[in-house]
Amino acid sequence: MVEKKILVTGGAGYIGSHTCVELINSGYTPVIIDNFSNSEKFILDRLKELTGQEITLEEGDCGDYDFLKSVFKKHADISGVIHFAAYKAVGESSKLPLKYYENNLLSTINMLKVMNEEGVTNFVFSSSCTVYGEPDTLPVTEETQTKPAESPYGRTKQICEDITRDFSKTSDTFKGIFLRYFNPIGAHPTSLIGELPLGTPNNLVPFITQTAAGIREKLTIFGNDYNTPDGTCIRDYIHVVDLAKAHIAALDYLLDREDACLEVFNVGTGNGNSVKEVVDTFQGVTGVKLNYELGDRRAGDVEKVYADASKVESELQWKAEITLAEALKDAWNWQKSLG
Ligand code: WQD
């Protein structure tokens, strides 16, 4: 069988590592690029344990053009690229905007430049529902008007989409897909890989599991006076394994396609759940009583956002299958495995 080598930037990270597992399960050969600025090397050992394969690692920074060029020269048979590598902490991005713009934009510009120079035409970009801001109508479709993002992180995602879109207009061979993630949660059911937030978690589910594990004293629910059934914000929580599989579906689509294209897909479950529902579901599936309080709203939070996932289901034949309850159980098992 012809080897289908896929470059996975940020491949040792949360979504990247789960995607490497699904790439191997689907007959692809991942090559990981990672600088370990927001990931851990032991994940590569776990990937070997999980897949039985030694995944090639090219340690370095996509912001370094010469490094990236050398990777393409070394792996002359790359069929496609999945570009995860980016800083992604919404709160931190407001404190360190230049770090976010430099890293997230330069890595994408370098990648597109080297792909173009080396004749690699299949590109899957890790984007985010944050590009929609506070949507006027729900559920959001790919045609929903994007709004100025609420954070420099979100703006880097919007700008990287624009950079890619403008580049694609100059190429008659480039085939790109933006996957706009909603809220990735959970961990691999083997508990061999999962989320490793640096420092205090910004995101809800790792904060919940660390509170349940006694690492955090209590969870604060940011606001219960929103215009939602229970007053807490609504999001579309998608299991990271389902999300990983969406990348395989995107690659399959691109490798099958002859003509140049640039497609956008919302990758969510299509269901909205409130923060309180997540907390209650977590307590129900784990039997762990969570210590939480109701606190003030968090600046920048949107009230409600969840996907209309009909396009990805019809065009990529992908649909989220794992429930919120299962995702929270997997997240808890992963947390317990960390000791
Ligand atoms: C979810 C809900 C919080 C923590 C961001 C990015 C998105 C993606 C996922 C990278 C909100 C509430 C949270 C807490 C809480 N990031 N919450 N107490 O903000 O929807 O999305 O992370 O890919 O691009 O925008 O996710 O998990 O931070 O928050 O009440 O301690 O949980 O207010 O309503 P968010 P989140």
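This is a predicted model: local features need pLDDT of at least 70, side-chain atom pairs count only at pLDDT 80 or more; totals for chains, interfaces and linings use all residues.
I placed both residues in the loop between strand 5 (122-128) and helix 6 (152-168), so the pair ties together parts that are eleven residues apart in sequence. Asp136 is exposed, at 68% relative accessibility.

I then searched the whole structure for salt bridges and found 24. Among the others I checked was Asp166 with Lys169, at 3.6 Å from N to O. Here Asp166 is partly exposed, with a relative accessible area of 45%, while Lys169 is exposed at 63%. Glu303 and Lys304 also pair, their closest N and O atoms being 3.3 Å apart. I found both Glu303 and Lys304 buried. I also traced a network of salt bridges that links Lys69, Lys73, Glu117 and Glu118.

Next I turned to the nonpolar cores. The largest holds 41 residues, of which Leu23, Leu47, Leu179, Leu316 and Trp318 touch the most other members. Elements that each supply at least two residues of this core include strand 1 (4-9), helix 1 (14-25), strand 6 (175-181) and strand 11 (261-267). Helix 8 gives the most, with nine residues. I listed the contacts of Leu316, leaving out residues up to four places away in sequence: Ala249, Ala250, Tyr253, Phe265 and Lys311. I noted a second, separate core of 23 residues, with Val81, Leu105, Val114 and Phe174 among them.

Terms used
Residues are numbered from 1 along each chain as its sequence is written. Side-chain values use heavy atoms; hydrogens and water are left out. A nonpolar core is a set of buried Ala, Val, Leu, Ile, Met, Phe, Trp, Tyr and Cys residues joined through side-chain atoms within 4.5 Å. Buried means under 20% relative accessible area, exposed over 50%, partly exposed in between (1.4 Å probe, protein chains only). Helices (H or I, at least four residues) and strands (E, at least two) are DSSP runs, numbered from the N terminus. Contact means heavy atoms within 4.5 Å. A salt bridge is a side-chain nitrogen of Lys or Arg within 4 Å of a carboxyl oxygen of Asp or Glu.
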